[in-house]
Amino acid sequence: MLVSYDWIQDFIQEPLPPADEIARELTMRAFEVEGIEKVGKKYPGVIVGHVVRIEEHPNADRLRLIIVDLGDSEEHRIVCGASNFSEGALVPVATIGTVLPNGMEIKVATIRDVESRGMICSKAELGLEKESDGIWVLDSDAAPGTLFDEVVEGGEVETVFDIDVLPNRAHDCLSHRGIAREIAVLFGLTFTDYESDLEFSEREPSEKPETLSVLIDEPERCRRYVGVHLDGLVCKESPAWLQDRLRSIGLRPKNAVVDAANYIMFSTGQPLHAFDAAKLGQTSGSHMIQVRAGRKEESMRALDGKKYDLPEESTVIADASADGIALALGGVIGGEDSAVSDKTTEVILEAANFDPVLTRKTSQALKLATDSSKRFENEISPVLAPMAMNALIVLLKDIAGTDNTAVRSVVDRYPDPVQQQSVSVTADKVNRLLGTEVTEKDIVDVLTRLSFQVEKGNDALSVTPPLDRLDVTTVPDVIEEVGRIYGYETITEVAPPSRDGDVPIHERFYWLNVIRDELVKVGFSEVMTYALRKKGELEIENPLAEDKAFVRNTLVDGVAQALEHNERYTDLLGISEVALFEIGNVYRDEEERTMLSLAASPTKRSAYKTQEILDRARVALTDTLGVEVVLPKDVPVVEINIDKILEKLPAPGTYDNLTDLSGDITYLSSSVYPYMLRDVALWVPKSVSKSDVEKVLLEETGKLLVNHYLFDEYEPVEGGEKSYAFRFVFQSFEKTLSDEEVNVIMDSVYKALDAKKGWKTR
Amino acid sequence: MRFTNAVHQTAFFCIIKPIMTEGHYHPITRMNRQINDIFFDLGFEVVDGPEVEDEWHNFDALNIPPHHPARDMWDTFWLKGENPRKLLRTHTSPIQIRHMEEHGAPVRIIAPGKTFRNEATDATHEAQFYQVEGLLIAQDITMAHLKTTLTTFFQKLFHADIHARLRPSYFPFVEPGVEMDISCFLCESKGCRVCKQTGWIEVLGAGMVHPNVLTNVGLDSAKWQGFAFGGGTDRFAMLKYGIDDVRKLYTGDLRVVNQF
């Protein structure tokens with residue numbers, strides 16, 4: 001969730017600590033802060049650019065190509081008409097997507113056949129003066145990429161945290177209020193909460209009859225419904241501060257009523273909804289809201305413009321004065337027919353508490369997850385409804401109010417108020433689970449800071465969490481609160497008691513690894529291929545792709561693909577045969593089985609045929625396991641059921657005879673570009689060794705050589721000479737090599753070889 | 001590395017051909033073997049379980065009831081046609097349930113295995129990957145034991161002087177739940193690309209086993225307590241060997257495997 005620093009400050013009396021300190025404390029004691037983003041408020045999208053280079057425009061004399069560094073270690077090219085700056089200057093750059101004060105949006109543009117990404121701005125273009133005669137060259141030592149707001153006088157920067165609020169705290173912390181309360185606890189600051197009573201309930205004028213009634217069909221659908229009829233509004237554009245706040249957390253402002261409802265939702269965590277009262281029916285001068293289950297074949301056009309068939313588990317907010325038509329899908333989304341517009345003057349406001357499971361089912365059935373459904377499915381506390389309604393009315397009176405603004409009716413249906421259960425905790429219980437040495441005093445201190453009620457009993461503390469902390473119901477829940485705030489860093493390291501008796505040897509683990517060891521020894525390399533495939537017996541209901549819609553029923557397909565794939569790289573890898581194995585589970589004949597697949601493919605250079613290579617594996621396994629291993633014949637890829645073999649093997653007594661694989665290895669990525677081959681054959685005197693020749697070769701081949709090997713050695717009995725033939729593999733990490741580039745290298749190789757006395761290339 | 005040469009002789013010349021070199025282990029196998037070696041010395045026994053799982057073992061027994069939003073933490077591949085419906089296990093945690101159901105307590109196990117997540121793949125996410133689960137249940141096991149056990153494990157795995165820190169997190173089957181970071185052994189905590197300049201690397205999730213989980217497998221949660229952890233074997237391999245893209249592990253490509 002995106003959380004605004006300034007917005008948090010509204011809840012805290014003292015000035016907040018710097019953003020990075022907040023992020024660190026939250027991460028260590030509450031939630032992970034995944035990022036801190038700074039956004040310019042006065043000049044959004046404008047950043048400082050450093051002019052690295054200036055080039056001429058190929059097609060226009062008056063334009064120049066400006067290469068700027070924007071702090072992301074890339075070069076950005078911008079076409080610019082001004083000439084009052086030179087290389088090395090710092091300038092304001094409006095990046096792609098920026099909207100300038102004159103309404104101009106910066107897009108990728110092609111100016112006289114040259115692409116331009118962004119705009120270097122003058123003071124006029126930034127709205128600071130009427131006319132400018134050139135670019136604004138900054139007198140600053142700011143780093144490229146710095147927000148323009150940070151370097152210019154009068155600039156303002158908004159800081160936004162990206163916080164990963166996990167499901168156990170989603171009910172109280174998908175809100176600025178919740179996060180602010182945590183920050184106040186962590187830094188010992190004073191938290192100012194919203195009023196939680198319906199203080200606005202003095203309707204005006206009170207002698208008039210009620211204009212709103214609410215009926216709840218099944219209380220388990222909706223634990224609480226606070227409804228308010230408010231009129232005398234002007235639903236114009238909301239003020240700049242509110243629009244800025246919404247934009248800073250990624251929301252798009254719409255109109256005063258919708259913006260206010262969204263704002264209070266992100267502030268309190270309580271979803272809110274506003275109906276245009278003029279679009280609702282009336283019975284004897286009163287609007288009648290009914291909360292009921294969705295009906296068969298009922299549908300509704302929602303605020304997103306789509307028409308939804310309402311699932312049976314859905315909760316419908318209906319207009320009982322207009323044939324019970326659906327006004328909204330409770331907890332998920334509002335309906336289009338009752339939507340607030342800029343012509344709205346009176347509204348029915350809703351702050352309700354919908355059932356989490358039914359909301360989740362509805363949201364899943366419709367594949368429609370909204371900010372509202374996300375909060376309800378995490379079960380928010382019913383105490384939030386009046387608090388949020390209160391705040392919403394205060395805000396609406398402020399930003400959309402007139403002299404005639406009045407609360408006509410207030411309804412609060414809350415038949416079964418929540419009670420918080422207390423939990424009994426002792427310092428011993430805490431220390432027994434955490435391995436810490438906290439005292440009762442420490443516990444009381446932490447829990448009091450968290451606004452828990454703590455009462456001392458004879459031998460335990462009776463702890464009652466605040467009404468909106470629905471996650472704390474058991475002893476370990478309380479211990480977690482103490483642990484995280486007191487600090488897990490206080491846990492000293494102690495080794496657990498040792499095991500009673502020997503550690504059992506796992507037969508499967510042992511034997512499968514013996515098989516791996518043996519196969520590797522006889523030249524087979526292990527692959528792991530995809531278990532989700534185009535064919536199989538077990539189909540996936542929700543596959544990632546059509547060709548991954550089944551659980552495999554054989555390893556052969558994957559291993560055959562791997563075989564074919566690797567045949568292309570035998571030169572690169574310097575291998576004379578591809579020999580592969582995979583051990584993995586398949587689903588066949590309604591059971592999960594462990595299979596071993598083997599595959600072989602010799603190159604022309606190999607002395608062995610496919611069957612001979614596979615036989616090597618068969619013999620090795622038969623010898624080592626002591627049971628006859630039979631492989632299918634005359635196919636390059638075979639598969640056997642390993643479970644059947646494991647059944648016959650004895651229980652091992654130790655893992656000690658497995659090969660030690662703990663060595664450190666540094667992996668090198670392979671290039672994505674094709675490789676090129678060159679062969680060199682030469683005659684040398686018999687006294688010259690392979691490595692003598694190699695030494696000369698490698699002095700000339702340079703960095704592009706990725707592999708080389710001797711592929712032929714020929715020594716006639718007659719005469720004093722022998723022949724060597726080497727194969728070279730060239731490859732670049734940056735590009736596809738050309739013949740010419742490789743030929744240049746090879747020319748120098750030939751030259752070096754021929755320069756040796758008695759050596760001749762052929 | 002072993003290198004065998006066959007020599008074919010004729011009257012006129014001899015040809016030497018390299019015919020067989022040793023093969024190579026998949027990096028995940030190397031990792032699983034080291035994980036077992038280290039935990040064996042710490043008294044942990046290997047156990048395993050099926051990849052095709054039921055909802056009870058993968059979710060319900062782990063204190064993740066149907067329709068709980070926490071289920072969104074695991075993007076699940078559901079399987080057609082079974083009643084009750086089955087799934088591809090999203091973590092190795094169902095193995096701990098199966099083990100406790102069968103053997104009760106005390107428990108001291110690790111469970112390495114393949115797992116599946118229905119999510120878009122990229123350099124750090126794959127739809128199939130390996131995890132290792134660990135579980136230690138006895139009468140007085142604490143979070144201090146958890147921290148010590150895992151610190152020792154990572155010191156031995158990465159052959160480095162590593163220290164660890166615990167941060168609050170949430171997994172329904174543990175309470176308290178924590179995320180564990182280790183000091184970056186690649187840059188000695190000075191800040192590098194891998195630790196994103198923080199000096200810390202997030203390595204696994206862990207916590208004290210939730211009483212509901214113990215109750216679900218028939219254990220008395222007033223008597224037994226302990227810790228559980230689960231980490232990504234692929235991620236450990238990527239960190240140890242410097243592999244830049246998890247997807248390269250499952251393409252059957254010897255350009256990768258032959259380096260191990």
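In the predicted model, the buried residues of helix H20 of chain A pack against strand E32 (676-685), helix H19 (690-701), strand E34 (721-730) and strand E35 (760-761) of chain A, where helices (H or I, at least four residues) and strands (E, at least two) are DSSP runs numbered from the N terminus and contact means heavy atoms within 4.5 Å. These buried residues are Val742(A), Ile745(A), Met746(A), Val749(A) and Leu753(A), buried denoting under 20% relative accessible area, exposed over 50% and partly exposed in between (1.4 Å probe, protein chains only). Viewed down the axis of H20(A), they fall within an arc of 95°, so they line one face of the helix, the arc being that of the directions from the helix axis to the C-beta atoms. On the other side of H20(A), Glu740(A), Val744(A) and Lys751(A) are exposed.

In chain B, Ser169(B) lies in strand E8 (residues 164-169) and counts as buried because its relative accessibility is 9%. Leaving aside residues up to four places away in sequence, Ser169(B) touches Leu166(A), Glu480(A), Gly177(B), Val178(B) and Glu179(B).

The mean pLDDT (the predictor's confidence in each residue, from 0 to 100) of chain A is 91, with 99% of its residues reaching 70 or more.

Residues are numbered from 1 along each chain as its sequence is written, while chains are lettered from A and ligands numbered from 1 in the order in which they are written. For this predicted model, local features need pLDDT of at least 70, side-chain atom pairs count only at pLDDT 80 or more, and totals for chains, interfaces and linings use all residues, with side-chain values based on heavy atoms and with hydrogens and water left out.
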